[in-house]
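Me: I'd like a close look at one bit of backbone in this model. Here it is.

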Amino acid sequence: MNIVILAAGQGKRMFSNLPKVLHPIAGKALAQHVIDTARSLAPEKLVVVYGHGGEVVRSTLAADDLAWAKQEPQLGTGHAVQQAVPALGGSAQTLVLYGDVPLTRAETLKNLIHAGRDGMAILTMELDNPTGYGRIVRDAAGKVVRIVEEKDATPEEKAIREINTGIMVLPTARLSDWLGRLKNQNAQGEYYLTDVVGLAVAEGVPIHTAHPSGEWEVLGVNSKVQLAELERVHQLNIAEQLLVQGVRLADPARIDVRGSLECGRDVGIDVGCVFEGKVTLAEAVEVGPYCVLKNVQIAAGARIAAFCHLEDAIVGPDAVVGPYARLRPGTELGPEVHIGNFVEVKNSKIAAQSKANHLAYVG
């Protein structure tokens, strides 16, 4: 299949000079989350539609497997996908994703792709409060007949609780024709991708729906408030995975993983810890409160006491570090080493059972 990621929006409500899709969740740009998920589906073509922020977006996200399509000016989602059509491969299906919707699971997208194998498919869900979303309009037999945006909806249509997430699978062969026939006669004056549903119905193309496991999978970011909310959702999901694997977390709501965290058996992590880059904690490692660990390897039985900062370092088995210690890049601690209060080590190897218990710099 092809995958098109729409990432041209300005994000006025972010009140930032940084393009919206480059704002971070868990230390990684919103759009990078989407690109990584898309890659896991092994598409024939992966096309990013960019616009606002222009070359900053393109240079930040640059990768050999990405094709780029510029949307300027931004005239709606239908217009955005139209810019990507010349870059698409010959695959039967094209999946449309959004650069500001970072947490959709690959499994959910696989189900959607499967549902649309003989036509098109829309990712929908029911909300108690559907305000702000386009509604899925079905006929008496339950078949999808169109999608109506809220600004264009009647009171009866606004009462519909099934909403369009915007994520859909479309037959590639029909895309160019459908997109060329879109009209912008609506409250926004834009070319809506959702209007292809009506065209598909008129041509007898089967329209299916699939659903995410939770609302968080399809939440987008339009403000710093929503960015913060999704950050917590994502971190709680990571914390739950760690708990299932057997990690002991003092408080699942007070951990931040901004990269990858691998843990052995019987690992304990206290509150307020931040893990960046690639961090490995071997069996029975204990990490005290309010520590920052970035690109470190901690061997079995080691203990990191409170308020320590470790970066690009290796800690040997049964070592004790801190509290208030700093290990800078190039530090290697051997077995049973003690690094104590206000000790800083850089680019040095400390051999087995050595002790620097307080107020020292080794570099």
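Where does Asp 312 lie, and in the loop between which strands?

Reply: Happy to go through it. This is a predicted model, where local features need pLDDT of at least 70, side-chain atom pairs count only at pLDDT 80 or more, and totals for chains, interfaces and linings use all residues. Residues are numbered from 1 along each chain as its sequence is written, and side-chain values use heavy atoms, with hydrogens and water left out.

Asp 312 sits in the loop that runs between strand E20 (309-311) and strand E21 (313-315). Strands here are DSSP runs of at least two residues (E), helices are runs of at least four (H or I), and both are numbered from the N terminus. The backbone at Asp 312 has a phi near 50°, which is positive although the residue isn't glycine. As for solvent, Asp 312 is partly exposed, at 35% relative accessible area; that label covers what falls between buried (under 20%) and exposed (over 50%), using a 1.4 Å probe and protein chains only.

Gln 353 counts as exposed, with a relative accessible area of 54%.

While you're checking backbone angles, look at the cis peptide bonds too. Gly 322 and Pro 323 are joined by one, with omega about 10°, and Pro 323 is in the loop between strand E22 (320-321) and strand E23 (326-327). The bond from Glu 72 to Pro 73 is also cis, with omega near 0°; Pro 73 belongs to the loop between strand E5 (67-70) and helix H3 (77-84).
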